[in-house]
Amino acid sequence: MLVEIGHFALVLALLVALVQGTVPLIGAAARSRPLMDLARTAALLQFGLVALAFAIFMHAHTISDFSVRNVFENSNTAKPMLYKVTGVWGSHEGSMMLWVLMLTLFGGLVAALGRSLPASLRARTLAIQGLLGFGTLAFIIGTSNPFARLIPAPVDGRDLNPLLQDPGLAFHPPFLYFGYVGFSITYSFAIAALIERRIGAAWARWVRPWALTAWCGLTIGIALGSWWAYYVLGWGGWWYWDPVENASFMPWLLGTALLHSAAVVEKRESLQRWTVLLAILTFGMSLIGTFLVRSGVLTSVHAFAVDPTRGVFILVLIALVIGGGLVLYALRAPGLEAGSPFAPVSREGALVLNNLLLCAGMATVFLGTFYPLFAEVWSGMKLSVGPQYFDATFVPILAPAVVAMVIAPVLAWRRGRLAATLRRLAPAAIAAVLAPATLFAFDRTAPPAVLAGIALAAWAMLGVLADLADRSGLAKQPLDAVWRRLRHLPHGTWGYSIAHFGVGVLIAGIVVSTAWRSERIETVRPGDTVQIAGRTLRFVGVTEGDIANYHAQRAQIVVERPGSTPITMYPERRYYPVAHSQTTNTAITTNGFGDLYLALGDPDGQGGWVLRAYYNPLVPWIWFGAILAAMGGLVALSERRLRVRVPVARTPAVTVSAGAADPR
Amino acid sequence: MIRMLFLAAALLAALGGQMAQAVEPSERLADPALEARARALSRDLRCLVCQNQSIDESNADLAHDLRVLLRQRLVAGDSDQQVLDYIAARYGMFVLLDPPFEPVTYLLWLTPPLLVLGAGAFLVMQSRRRRVERSLPGLTEDERARAALILGDSG
């Protein structure tokens with residue numbers, strides 16, 4: 001019964017979405033306040049209905065109701081409760097439910113928080129969001145119904161893919177989708193602004209917090225996914241340039257560009273057209289990413305042909321969303337105000353350069369991801385595009401963007417002076433030369449690419465510090481004055497400084513862990529020792545046992561290091577009988593500067609076990625850097641919220657300054 | 001339906017049961033220089049039955065076979081390129097993770113540099129245009145605003 005209510009709520013949400021997507025548009029055109037205000041009610045109602053359906057779906061999973069097909073296919077009574085809950089989004093149907101939940105959440109948030117928005121802009125934005133909801137809900141109900149029944153109900157379910165039964169992956173999809181789908185709201189804002197033919201500083205001020213929110217979610221989501229890959233796949237890789245990863249990385253790259261160009265619109269009323277285009281394309285990339293992952297097209301074009309309904313449906317949705325957006329853009333963009341001019345050497349100029357590089361990088365990732373598919377269609381030839389391609393193309397495109405990232409905030413708006421700027425960054429430039437030189441003195445075999453990477457990381461980190469020192473008057477002012485200045489720097493300044501510093505930390509982690517990792521793969525018997533990175537690993541033995549829904553083989557390894565107390569590590573292999581699959585559970589100890597990473601391999605049948613040991617220097621910095629970047633976004637957001645609230649107190653002033661927004 | 005499920009499960013169990021792990025000690029060559037070359041090469045070869053893994057990372061049986069095969073070729077005295085050609089001739093271009101520069105991949109390899117050139121050309125053109133605009137006896141922004149007011153009033 002409950003399940004039928006969930007199904008019904010979903011259908012009702014579809015109808016509400018239809019109303020939300022049409023009536024407010026008519027209302028905005030006819031300047032009818034009641035019709036426009038319907039958008040808010042509808043957005044909140046649609047979110048409420050979807051949330052109800054989602055809660056019922058989750059309930060069916062937690063009580064293991066195997067009369068629901070999706071629960072039977074993805075759950076099992078022996079599965080731990082945590083994974084019964086998070087297994088909700090482990091399947092196709094469930095992940096689409098999560099998608100639409102996020103979509104309606106953002107619509108509901110704009111409805112609830114967007115009181116300071118002009119009525120017509122709010123109505124149109126929510127209407128577009130409603131149409132997106134309508135498309136997604138139609139897709140779910142039409143092709144991927146999560147509430148489909150299975151009668152008679154089986155006794156037990158088939159269990160979730162064991163790889164997904166993991167804390168890292170349990171929370172990766174909500175963050176990722178929060179980011180992915182969060183960009184739907186910037187898309188809706190962009191389309192609404194095109195309909196209104198007005199994009200200026202005020203529009204950017206409303207859009208930026210949403211873009212920033214989505215971006216933070218996406219950053220954390222991608223970082224969680226890569227961390228999961230690192231500790232689960234058993235050999236210490238953390239990024240594979242896999243189509244699924246690229247699917248989330250492409251909207252991230254465009255979203256990053258969008259954040260920065262929206263800042264230019266807000267501060268300088270320039271780059272309006274470009275920003276709108278980015279907003280459309282960023283969400284377009286989110287949709288393409290969903291299509292990539294959900295249609296099966298990435299494994300092979302043939303997988304797509306096996307079950308084409310879903311793929312074709314998403315493809316039509318993408319065509320409508322991106323195509324419709326671009327057509328509207330082509331019609332309306334030329335009529336938009338041209339931005340204020342700026343010199344090539346200026347903060348705007350540097351941000352334009354970064355935007356172009358981010359877009360070129362995105363296009364490269366896109367090409368590398370889809371090329372095998374295109375090539376197979378037009379030449380019938382199957383080929384692979386591996387990490388080697390992305391290392392050779394994407395990395396050189398993005399490296400100059402990191403150089404410019406440090407320079408841009410130091411440059412003045414409108415017209416900057418390069419010489420003066422570089423003088424301010426002199427300490428960073430010196431560090432960027434000294435750091436690789438020192439390393440080269442220690443390791444003469446270090447390849448040029450590694451040295452360049454080190455230089456880049458030093459430049460990014462020291463550049464941010466030099467900028468902060470300069471802004472706080474360090475070395476010119478007494479220390480308490482410096483401290484006071486630092487404390488009063490705008491949150492936006494702190495935000496980008498923390499985020500950019502994070503990029504430097506991330507690069508250092510990538511370069512050092514790739515260049516200086518060590519590896520030992522040995523067959524060991526109880527009592528044997530293996531030496532790695534100044535540590536002695538003593539293999540004690542393997543114990544076996546049945547735990548929850550799996551059978552475990554657990555190795556005990558004592559790690560000894562001269563001058564410190566020994567620690568014990570337990571790498572594990574798990575066998576999931578219901579799902580018939582084997583997973584590796586690695587054991588990792590970290591001191592923040594390097595990870596000792598152990599994975600247990602196969603037994604050799606004569607009492608020996610294959611042990612894989614890796615020492616990955618600086619690898620935690622990859623995730624520290626990503627978290628710093630996301631934290632920078634949150635810090636910047638903390639100020640936005642304050643600033644968004646201020647106009648609420650004097651709403652009339654805002655509506656007047658926004659022009660003919662007031663319908664009466 | 002149920003029978004099909006059992007069949008699939010049995011098949012999975014068979015595959016899962018015989019899972020070998022990536023790069024096993026038993027596969028390794030005695031000569032460290034040759035082994036280093038083998039490791040580097042195995043990163044360039046795709047495990048054909050996996051989803052986007054190199055044979056260096058994969059624990060599938062086929063990956064194991066390919067690792068052994070490429071080591072045999074190295075021991076036989078092949079150069080790196082010869083090993084890659086040998087395996088690509090048997091398994092197709094699909095096996096090469098680093099796509100070679102051939103007619104079918106021209107577009108793949110040439111687009112990124114063209115994109116960067118295009119972006120550079122765009123920036124140069126923009127700054128040229130701006131310079132031309134600036135070289136005209138322009139009005140300041142205040143003057144322009146006043147002109148707009150006056151023109152708007154008279155029109």
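**Notes on a two-chain predicted model**

1. Let's start with a pair of helices. In chain A, α7 and helix α12 (residues 308-332) pack at an angle of about 35 degrees, and their axes are 10 Å apart. Here axes are lines fitted to C-alpha atoms, for helices over the stretch in contact, and angles run from 0 to 180 degrees between N-to-C directions. Helices (H or I, at least four residues) and strands (E, at least two) are DSSP runs, numbered from the N terminus. The crossing of α7(A) past α12(A) is left-handed, a term used if the near helix is turned anticlockwise from the far one by less than a right angle, with right-handed used if clockwise.

2. Who touches whom in this pair? From α7(A) come Tyr187(A), Ile191(A) and Leu194(A), and from α12(A) come Gly325(A), Leu328(A), Tyr329(A) and Arg332(A). Two residues are in contact if their C-beta atoms, placed from the backbone, lie within 7 Å. Sorted by class, this contact has 5 nonpolar, 1 polar and 1 charged residues. For the classes, Ala, Val, Leu, Ile, Met, Phe, Trp, Tyr, Cys and Pro count as nonpolar, Asp, Glu, Lys and Arg as charged, and the others, Gly among them, as polar.

3. A word on ground rules. This is a predicted model, where local features need pLDDT of at least 70 and side-chain atom pairs count only at pLDDT 80 or more, while totals for chains, interfaces and linings use all residues. Residues are numbered from 1 along each chain as its sequence is written, and chains are lettered from A and ligands numbered from 1 in the order in which they are written.

4. Helix α7 (residues 167-196) of chain A also meets helix α9 (residues 243-268) of chain A: the axes come within 11 Å and cross at roughly 45 degrees. The two helices are therefore oblique to each other (angles under 35 degrees count as roughly parallel, over 145 as roughly antiparallel, 65 to 115 as roughly perpendicular and the rest as oblique). This crossing of α7(A) and α9(A) is left-handed. On the α7(A) side you'll find Leu176(A), Tyr180(A), Phe183(A) and Thr186(A), and they meet Ser248(A), Pro251(A), Gly255(A) and Leu258(A) in α9(A). That contact has 5 nonpolar, 3 polar and no charged residues.

5. Now zoom out to the domains. Chain A is divided into domain 1 (1-165) and domain 2 (518-618), with bounds that come from an automatic or database domain assignment. Taken over C-alpha atoms, their centres are 43 Å apart. Even so, 9 residues of domain 1 of chain A are in contact with 8 residues of domain 2 of chain A. The domain 1 side of that contact splits into 4 nonpolar, 2 polar and 3 charged residues.

6. What about the two chains? In all, 37 residues of chain A are in contact with 37 residues of chain B. Elements of chain A that each supply at least two residues to its side include α14 (387-407), β1 (518-524) and β9 (594-603). The largest share, 10 residues, comes from α13(A). The chain A side has 20 nonpolar, 13 polar and 4 charged residues.

7. Chain B has 6 helices and 0 strands. Of its 155 residues, 23% are buried (a residue is buried if 20 or more other C-beta atoms lie within 10 Å of its own, exposed if 12 or fewer, and partly exposed in between, with C-beta atoms placed from the backbone). Among chain B contacts between residues at least 6 apart in sequence, 49% join residues at least 24 apart.

8. Is Leu10(A) buried or exposed? Leu10(A) is buried, because 24 other C-beta atoms lie within 10 Å. This residue is found in helix α1 (residues 2-30) of chain A. Its C-alpha atom is separated by 6.0 Å from that of Val50(A), 40 residues apart along the chain. Leaving aside neighbours within four places in sequence, Leu10(A) is in contact with Ala53(A), Leu137(A), Ile140(A) and Ile141(A).

9. Lastly, some backbone details to look up. The peptide bond from Ile151(A) to Pro152(A) is cis, with omega near -5 degrees, and Pro152(A) is found in the loop between α6 (119-143) and α7 of chain A. Glu269(A), a residue other than glycine, has a positive phi near 50 degrees; Glu269(A) lies in the loop between α9 and α10 (272-295) of chain A. Arg414(A) is not a glycine either, yet has a positive phi of about 70 degrees. With 15 other C-beta atoms within 10 Å, Arg414(A) is partly exposed.
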